[in-house]
Amino acid sequence: PLIDDIMRHGIGKPGIKAILVYPLNALATDQMFRIARLLFNELDDPKITLGRFTGQTTPGSSRSEIEREILSSPSFEDAFPGVQKAPSGWLLSRSEMLETPPDILITNYAMLEHVLLLPRNRALLKDADLRWLVLDELHTYAGAQAIEVAFLIRKLKANLGMSTGTLRCVGTSASLDPERKDDLAKFASDLFNEPFGAGDAAVITGERELHPRLREDLTTHSLAPEDWVSL
């Protein structure tokens with residue numbers, strides 16, 4: 001839905017359209033490769049730009065330096081088999097992102113705080129048309145950390161002059177109780193300071209299942225016990 005919304009309403013417009021916040025740099029990096037594969041491989045580059053603004057994107061590093069690191073990662077080979085150059089829409093260095101902010105920004109809450117506080121980073125929010133805010137691993141935001149992030153979200157919206165009801169807010173987790181939908185919706189509403197509605201309308205659940213073709217293949221090619229190989 002996020003990609004679809006940007007393709008419908010944000011192609012060619014300057015400024016950040018979506019901010020994806022991860023609690024750990026490792027998660028941010030992992031998702032960066034997955035989103036890059038979706039945009040620049042599977043969707044054949046719909047002209048949506050992507051950038052990662054975390055501590056791993058060091059201030060003085062050039063695009064070529066970061067690109068060498070990206071290309072050496074097994075995740076890049078998995079996402080772009082045989083490709084020897086990062087797509088131009090994948091903004092790698094801080095200087096690139098500050099000069100031309102990406103449509104989709106991947107970051108963590110500490111770096112988002114720095115963007116709002118430090119003058120040298122404020123250019124990242126220039127011409128922002130923020131439509132989406134996604135917090136991954138929502139269950140990690142508890143106690144004082146939840147309060148800190150709640151204030152950060154309010155500060156971000158105030159900085160951009162956004163009123164309540166204009167931002168699409170999403171929290172994702174595989175560690176929350178689906179039986180407590182009303183409590184989850186209330187928690188999300190307090191955290192984001194946005195209306196989420198009733199539990200069933202606000203909380204989307206799912207189960208991991210094999211694709212029907214894969215289930216069919218497993219059934220068709222299943223081995224009898226006498227065909228098993230002991231390792």
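## Around Ile-19

Set aside the neighbours within four places in sequence, and Ile-19 is in contact (heavy atoms within 4.5 Å) with Leu-105, Thr-107, Leu-112, Leu-130, Trp-132, Leu-133, Val-134 and Leu-156. Keep in mind that this is a predicted model, where local features need pLDDT of at least 70, side-chain atom pairs count only at pLDDT 80 or more, and totals for chains, interfaces and linings use all residues. Residues are numbered from 1 along each chain as its sequence is written, and side-chain values use heavy atoms, with hydrogens and water left out.

Buried means under 20% relative accessible area, exposed over 50%, and partly exposed in between (1.4 Å probe, protein chains only).

Helices (H or I, at least four residues) and strands (E, at least two) are DSSP runs, numbered from the N terminus.

Six strands make an open, parallel sheet, ordered β3-β2-β4-β1-β5-β6. Strands pair if DSSP finds at least two bridges between them. At the edges sit β3 (90–91) and β6 (168–171), each with a single partner strand, so one side of each has no neighbour in the sheet.

Helix α2 (residues 25–42) packs on this sheet and touches β1 (18–21), β2, β3 and β4. Its direction makes about 170 degrees with that of β2 (axes are lines fitted to C-alpha atoms, for helices over the stretch in contact, and angles run from 0 to 180 degrees between N-to-C directions).

## Helix α1

In α1 (residues 2–9), the buried residues are Leu-2, Ile-3, Asp-5 and Ile-6. Looking down the helix axis, they fall within an arc of 160 degrees, so they line one face of α1; the arc is that of the directions from the helix axis to the C-beta atoms. Their cover includes β1, α2, β4, β5 (132–135) and β6.

## Two loop residues with positive phi

Lys-47 isn't a glycine, yet its phi is positive, about 70 degrees. Lys-47 is in the loop between α2 and β2, and counts as exposed at 60% relative accessibility.

Glu-137, in the loop between β5 and α7, has a positive phi near 55 degrees. At 22% relative accessibility, Glu-137 counts as partly exposed.
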